[in-house]
Amino acid sequence: MKEIPHLTFDLDTLGVSTGHLVVPKGADCEALSLPVFSLNKGEGPRLLITGGNHGNELEGPIVARRLVEWLPEAQTCGRVIIVPEINPLAVQAWTRNTPIDGKNLNRAFPGRADGTVTERIADAVSRVLLPMADTVFDFHSFGPTWDTPSAIITHPIANADLMAKTLRMAEAFKLPVTLVWEYHDTPGMFDIWAHSQGKVFICPEFGGGTVSTEALAIHEAGVRNALIALGLVEGKAEHPTFRQQKSSQTLETLLSDELRSPARGIFEPRCSMLDEVKQGDLIGVLHSMESLSAGAIDIYAPTTSIVYAIRSGAYVEADEEIVYFARPLKL
Ligand SMILES: [Zn+2]
């Protein structure tokens with residue numbers, strides 16, 4: 001008989017349970033066993049936390065493990081399910097996409113039972129875990145080539161009620177930025193699928209660059225704030241300190257706020273995340289690698305705005321994203 005995705009333990013068991021989510025084997029690889037933690041304290045909110053959706057964003061798996069350590073002491077009701085790495089193959093390879101099939105798990109939802117390994121993972125998460133939750137936190141980060149603050153990102157949601165609930169939940173993290181991001185490449189994203197199922201889906205983007213202890217502390221504090229807001233944990237929510245400040249701002253990024261490289265080369269940033277720039281300000285320089293006599297290309301801010309994320313000294317191809325601008329959210 002063909003195996004179907006399943007958990008190796010009963011989520012209804014009260015207290016702490018651990019086991020695995022089994023993703024069946026397919027033509028391209030053997031079955032996968034993803035470690036799962038569950039803490040069931042009866043009635044209350046039902047939360048699913050996932051990390052490692054993209055394999056080179058490791059803040060999520062680390063913060064997820066910290067939660068596994070302190071939640072048993074802190075959680076007072078409801079059920080929390082934690083899967084620190086939903087794409088272990090990508091984490092092992094430290095790549096955004098799954099090496100076996102080259103696919104991006106966050107473009108593969110809701111997945112396919114008879115698909116490639118990435119599609120089978122998405123299918124297992126969609127069918128087995130997602131129905132067990134009302135709220136989902138899927139931990140991401142911008143990855144090592146971006147300068148960007150810790151933020152909660154959500155895409156615009158057509159359902160106004162779900163959008164309002166999602167924004168409230170996002171702001172409850174009290175991270176430096178809450179961002180409503182109009183983005184072009186959304187088909188197959190986990191959040192889009194979860195929204196279609198009526199779930200509140202939160203995507204913490206835990207900054208860029210390297211995995212620093214400061215960033216991890218901010219992320220962990222943000223998740224604790226969110227658990228307090230959900231009523232799963234008691235305590236008082238507090239803004240984590242970021243750049244000597246305890247504050248947060250809610251921004252939006254529109255499709256037109258994406259700036260792409262005019263050519264290929266080494267991108268040198270001339271401003272930093274959260275800088276306020278005016279139209280015409282120099283924001284970066286592109287160095288050609290073909291010739292040292294070809295002058296560098298100056299790149300200017302197209303409008304007055306806030307730099308949400310900027311490439312931090314990376315080689316970029318022509319037409320590759322180099323800056324995302326943002327502005328205060330108008331409701
Ligand atoms: Zn990601």
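A disulfide is taken here as a pair of cysteine sulfur atoms within 2.5 Å. By this criterion, a search of the whole structure returns 0 disulfides. The structure is a predicted model, in which local features require pLDDT of at least 70 and side-chain atom pairs count only at pLDDT 80 or more, whereas totals for chains, interfaces and linings use all residues. Residues are numbered from 1 along each chain as its sequence is written, and side-chain values use heavy atoms, with hydrogens and water left out.

Burial was assigned from relative accessible area (buried, under 20%; exposed, over 50%; partly exposed, in between; 1.4 Å probe, protein chains only). Cysteine 29 counts as buried because its relative accessibility is 13%, and cysteine 271 is likewise buried, at 11%.

Nonpolar cores were defined as sets of buried Ala, Val, Leu, Ile, Met, Phe, Trp, Tyr and Cys residues joined through side-chain atoms within 4.5 Å. The largest nonpolar core holds 53 residues, of which Leu67, Leu71, Phe137, Phe139, Leu227 and Tyr308 touch the most other members. Helix H6 gives the most to this core, with 7 residues; helices (H or I, at least four residues) and strands (E, at least two) are DSSP runs numbered from the N terminus. A second, separate core comprises 31 residues, among them Leu32, Leu48, Ile81 and Val136. With contact meaning heavy atoms within 4.5 Å, and with residues up to four places away in sequence not counted, the partners of phenylalanine 139 include Ile49, Val63, Leu67, Phe206 and Val223.

Side chains of opposite charge can pair when their charged atoms come close. A salt bridge was assigned where a side-chain nitrogen of Lys or Arg lies within 4 Å of a carboxyl oxygen of Asp or Glu, and the whole structure contains 17 salt bridges. In one of them, the side chains of arginine 120 and aspartate 28 meet at 2.9 Å, N to O. This pair links distant parts of the chain, 92 residues apart: arginine 120 lies in helix H3 (residues 117-129), and aspartate 28 in the loop between strand E2 (15-23) and strand E3 (32-41). Arginine 120 is buried, at 3% relative accessible area, whereas aspartate 28 is partly exposed, at 31%.

A salt bridge also joins the side chains of arginine 66 and glutamate 220 (2.9 Å, N to O). Arginine 66 belongs to helix H1 (residues 59-74) and glutamate 220 to helix H6 (residues 213-230), so the pair ties together parts that are 154 residues apart in sequence. Arginine 66 is partly exposed, at 26% relative accessibility, while glutamate 220 is buried, at 18%. In a further salt bridge, the side chains of arginine 311 and glutamate 320 meet at 3.1 Å, N to O. Here arginine 311 is buried, at 7%, and glutamate 320 is partly exposed, at 21%.

Arginine 107 occupies the loop between helix H2 (88-93) and H3. Not counting residues up to four places away in sequence, arginine 107 touches Arg96, Tyr183, Asp185, Pro187, Gly188 and Met189. Arginine 107 and methionine 132 are 25 residues apart in sequence, and their C-alpha atoms are 21 Å apart in space.
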